[in-house]
Amino acid sequence: MKAKHQRLILALVALCGIGGAGVLAASALRAEAAYFRTPVEIQGGKAAVGEPMRLGGMVAKGSIQRQADGLTIRFVATDGKASVPVEYKGIVPDLFGEESGMVADGRMRADGTFVADRILAKHDERYMPPQMGDMPKNMKAPATT
Amino acid sequence: MHAYANPTRFLQIAKPLTPWLLGAGLLLVLGGAWAGLAMVPGDYKQGETARILYVHVPSAWLGMGGWTSLAIAGLIQLVWRHPLSGIAARAIAVPGMLFTALCLATGSIWGRPTWGTWWEWDGRMTSMLVLLFLYAGFIALTSGDDGQRQGGSLSRGAAIYALVGAINIPIINRSVVWWNSLHQGPSITLGGSSIDRALLWPLGLTVLGFSLLFGAIVLMRMRRIIADNRVAARLRRLADDEGI
């Protein structure tokens, strides 16, 4: 066996080892590296009241309610399996809307409402022109100038 | 393959190829940018903001593709010790880091109006930042060594570093699938594209154009490294002849 074949085998074995270690590390991080938790993970008292956390989910259709003070909004975040009511006082990103993704920083209140300090909008991987026929009804075309 | 690993043979091909790659790359990037900015409609949801994807996506592709090629060069260096592989790895590192930085910068600029934040520590962004640091580490590791004396080849440590760093590439790619993230899932997969055809074609132009530009930059840098090595070797010979 030539020296370069030995090196090739050694390098390939080492590569497999590195790859395996990476896969193991990634799968061990599966829960820890998540950027947010979804309603099903925190529903039913699984999240401690007052513990800072991040909640992600879709804003349920027809759930956004603006409160009388003009700043506070309430809506329901859902992941299809569970729902959590969210309360937030402040300005939301432009892309925040019903049937659209959002991520909220905040904590659970004792009454089961998630009180958010900050809200980010999360969009999906689809891009299309505004005049597409199969556009969902709740998505309006942006105003053109 | 061995024939092209010879620096002289490589120069014969690289020299005439460089201007073609550069010219075609510039044309495609300019055409794609024009098409992406002026010809196609905005996105149904994000409006004009989504047009930054025509720079963001090619940057991400080249940042990750750059490290993939760098790791392959590291493997060839380790196993076959071709003199050109180390030169190629050195040449790739700087443009690779540049495009990774461009990807992070455009992503940040895009994130502010759409998500509402410049930066979040989600899986995609964090792993991409790690790639930037990997590039910085590789450049630091290879710029202080005695590469000119070794004809540009990598030290064993640098080659192993390139291979080990490659583990981050599938992690970046899968980060939005394995973990909940703020970044959306992949738009373009083997199964198709969730970017509508009307918005997709300028992306093809800019991805191809930036890739050709990347190739041209790498060839130019490789030629420069070879030229530097030859000058250094000649100076050494002169010094030896004069007995200094």
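Predicted model: local features only at pLDDT ≥ 70, side-chain atom pairs only at ≥ 80, totals over all residues.
Residues are numbered from 1 along each chain as its sequence is written, and chains are lettered from A and ligands numbered from 1 in the order in which they are written.

Helix 3 of chain B carries a kink of about 30 degrees at B:Ala93, shortly before the proline B:Pro95, the bend being the angle between axes fitted to the seven residues ending at a residue and the seven starting there. B:Gly116, which follows helix 3 of chain B, has a positive phi near 100 degrees. In the loop between helix 2 and helix 3 of chain B lies B:Arg81, which has a positive phi of about 55 degrees although it is not a glycine. B:Arg81 counts as partly exposed, with 16 C-beta neighbours inside 10 Å; a residue is buried if 20 or more other C-beta atoms lie within 10 Å of its own, exposed if 12 or fewer, and partly exposed in between, with C-beta atoms placed from the backbone.

The largest nonpolar core has 66 residues, of which B:Trp67, B:Leu70, B:Ala88, B:Ala89, B:Ile92, B:Ala162 and B:Met222 touch the most other members; such a core is a set of buried Ala, Val, Leu, Ile, Met, Phe, Trp, Tyr and Cys residues joined through C-beta atoms within 7 Å. Helix 7 of chain B provides the largest share of this core, 15 residues. Apart from it lies another core, of 29 residues, which includes A:Leu55, A:Val86, A:Ala116 and B:Leu182.

B:Val176, found in helix 6 of chain B, is buried, with 20 other C-beta atoms within 10 Å. Leaving aside neighbours within four places in sequence, the contacts of B:Val176 include B:Gly123, B:Arg124 and B:His183, where contact requires C-beta atoms, placed from the backbone, to lie within 7 Å.

Between the chains, 38 residues of chain B are in contact with 35 residues of chain A. Helix 2 of chain B gives the most to the side of chain B that touches chain A, with three residues. By class, this side has 20 nonpolar, 13 polar and five charged residues, with Ala, Val, Leu, Ile, Met, Phe, Trp, Tyr, Cys and Pro counted as nonpolar, Asp, Glu, Lys and Arg as charged, and the others, Gly among them, as polar.

In chain A, the domain assignment gives domain 1 (1–33) and domain 2 (39–139), with bounds that come from an automatic or database assignment; their centres, taken over C-alpha atoms, are separated by 41 Å. Of the 26 residues of helix 1 of chain A, the number buried is zero, so this helix lies largely in the open. A:Glu99, in the loop between strand 4 (83–89) and strand 5 (101–108) of chain A, is a residue other than glycine with a positive phi near 60 degrees.

Note on methods. Helix = DSSP H or I, 4+ residues; strand = E, 2+ residues; numbered from the N terminus. Contact = placed C-beta atoms within 7 Å.
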